[in-house]
Amino acid sequence: MTVWRALGERGYLGSVWPWRAVAFLASGALLGAVVLVVTVSGVVVGGALAVVLLGLPLLVLTALTGIPVAAVERWRLRLAGLGPVPGGQHRVPDRHGLASWLTTRLREAVTWRELAYAVLLGLVLWPLDALAVLAAVGLPLSMVAAPVLVAVDGEAKVVKLFLVDTWAGACAVAALGLVLLAAGAYALGVVAGVRAELARALLTAKDGDSDRVTELVRSRARLVDAFETERRRIERDLHDGAQQRLVALSMTLGLARLDAPPGPLADQLAQAHEEAGRALAELRELIHGIHPKVLTDYGLEAAVADAADRSPVPVDLDLDLPGRLPGPVETAAYFVVCEALANIAKHSGAGRAEVSGGYADGRLVLVVRDDGRGGADADGGSGLTGLADRVSVLDGRLSLSSPPGGPTLLRVEIPCRPTDQNAPCA
């Protein structure tokens, strides 16, 4: 239920909604006052110290104050019954580290929109919140207290305007205060509703932007699904068509080689038989690279173990998975590991590698580490850029840490749920 609906129902005064309206506006006044002090202090002190560059970090922090303020405001909207409100659509940084996080945040329009809301709250909204609470609650309560003041002091100065020194006058003022307090409860509900709607409108991503982002994500997912379907079709055609023909050709050449008498013809048949065998081996390796059968039949853990066994660099394996994961997740994670191991063998000069990870808190986490020379760059043609895009389609993230001298650490996180935690992976 929202405050708007509560205002239209009977029993509003006896419900919790007047108290929630007071809490919403009073907490807004307190938060706005704090935001005003912090923002003004940050701008003044940071601007004064910017001459010697010491104030620049403080100015950057001041520019980011809108992020926590917006988070608190979205939580406070629950008091008015308008929560939860979607977040600010902040992007996940491409890499770990404070510098990457700051760069990402300062380039986002949502960060500056939240800062603008924080400034509006600190300069305009919180005085209005405080004034509404004071007028609708503070003044009526001071009138209700008139009989008590008359009993204690012999007189009461009502709202600092007129003096009451009789019991009849004090009771009349108190009765008027109760009426105003009841009216103020409704007024506070209206003010809280308007104030909450304004905050929600300013802190919620535009529908058009949200729709475009949603459609973009869906279109990327459809492209990945189409690519995966096409790749499986090619794998099936190669396995059932070209591979079987090569097997038949190899057998035919082998039989012809046995029947041929010794001489140049037998030598040529032997050479052709060996070439057919090499072509068949390369085709099998190609089919395995397109989509390994072990991944389809036994799952990610077995497929990664198979990739580790085939790696020229010794690989330590430490995976703990609950069972089968969704197909796109397993495929993306597998090819990330394969690409990482291929890069380790080609470029790192490492003597040993390690693949570790597992499933926790609704996320698949895989870490590939090596003791090589380091200096790898995900944007430098390593082959990981496309895989990072593939992971991002699944709402995951891929990060690379490779300082000169090593070690290199590749980490991938993909949110998912096991398809059946109790089922065997076969």
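**Helix packing**

Mentor: Helix 12 (residues 300-310) packs against helix 13 (residues 327-348) at an angle of about 15 degrees, and their axes are 10 Å apart. This is a predicted model, where local features need pLDDT of at least 70, side-chain atom pairs count only at pLDDT 80 or more, and totals for chains, interfaces and linings use all residues. Residues are numbered from 1 along each chain as its sequence is written, and side-chain values use heavy atoms, with hydrogens and water left out.

Trainee: What counts as a helix, and what is an axis here?

Mentor: Helices are DSSP runs of H or I with at least four residues, numbered from the N terminus. Axes are lines fitted to C-alpha atoms, for helices over the stretch in contact, and angles run from 0 to 180 degrees between N-to-C directions.

Trainee: How are helix 12 and helix 13 oriented to each other?

Mentor: Helix 12 and helix 13 are roughly parallel, because of their angle; under 35 degrees counts as roughly parallel, over 145 as roughly antiparallel, 65 to 115 as roughly perpendicular and the rest as oblique.

Trainee: Which residues make the contact?

Mentor: L300, A303, V304, A307, A308 and R310 of helix 12 meet E330, A333, Y334, V337, C338 and L341 of helix 13, where contact means heavy atoms within 4.5 Å. By class, the contact of helix 12 with helix 13 has ten nonpolar, no polar and two charged residues. Ala, Val, Leu, Ile, Met, Phe, Trp, Tyr, Cys and Pro count as nonpolar, Asp, Glu, Lys and Arg as charged, and the others, Gly among them, as polar.

Trainee: Moving on, at what angle do helix 4 and helix 8 pack?

Mentor: About 135 degrees, for helix 4 (residues 66-76) and helix 8 (residues 167-203), with axes 10 Å apart. Helix 4 and helix 8 are therefore oblique to each other.

Trainee: Which residues meet there?

Mentor: From helix 4, A70, E73, R74 and R76; from helix 8, R195, A199 and L203. That contact of helix 4 with helix 8 has three nonpolar, no polar and four charged residues.

Trainee: Now helix 5. Which residues are buried?

Mentor: In helix 5 (residues 98-106), S100, T104 and R105 are buried, meaning under 20% relative accessible area, with exposed over 50% and partly exposed in between (1.4 Å probe, protein chains only). Seen down the axis of helix 5, the buried residues fall within an arc of 125 degrees, so they line one face; the arc is that of the directions from the helix axis to the C-beta atoms.

Trainee: What covers them?

Mentor: The cover includes helix 4 and helix 6 (109-144).

Terms used. Helices (H or I, at least four residues) and strands (E, at least two) are DSSP runs, numbered from the N terminus.
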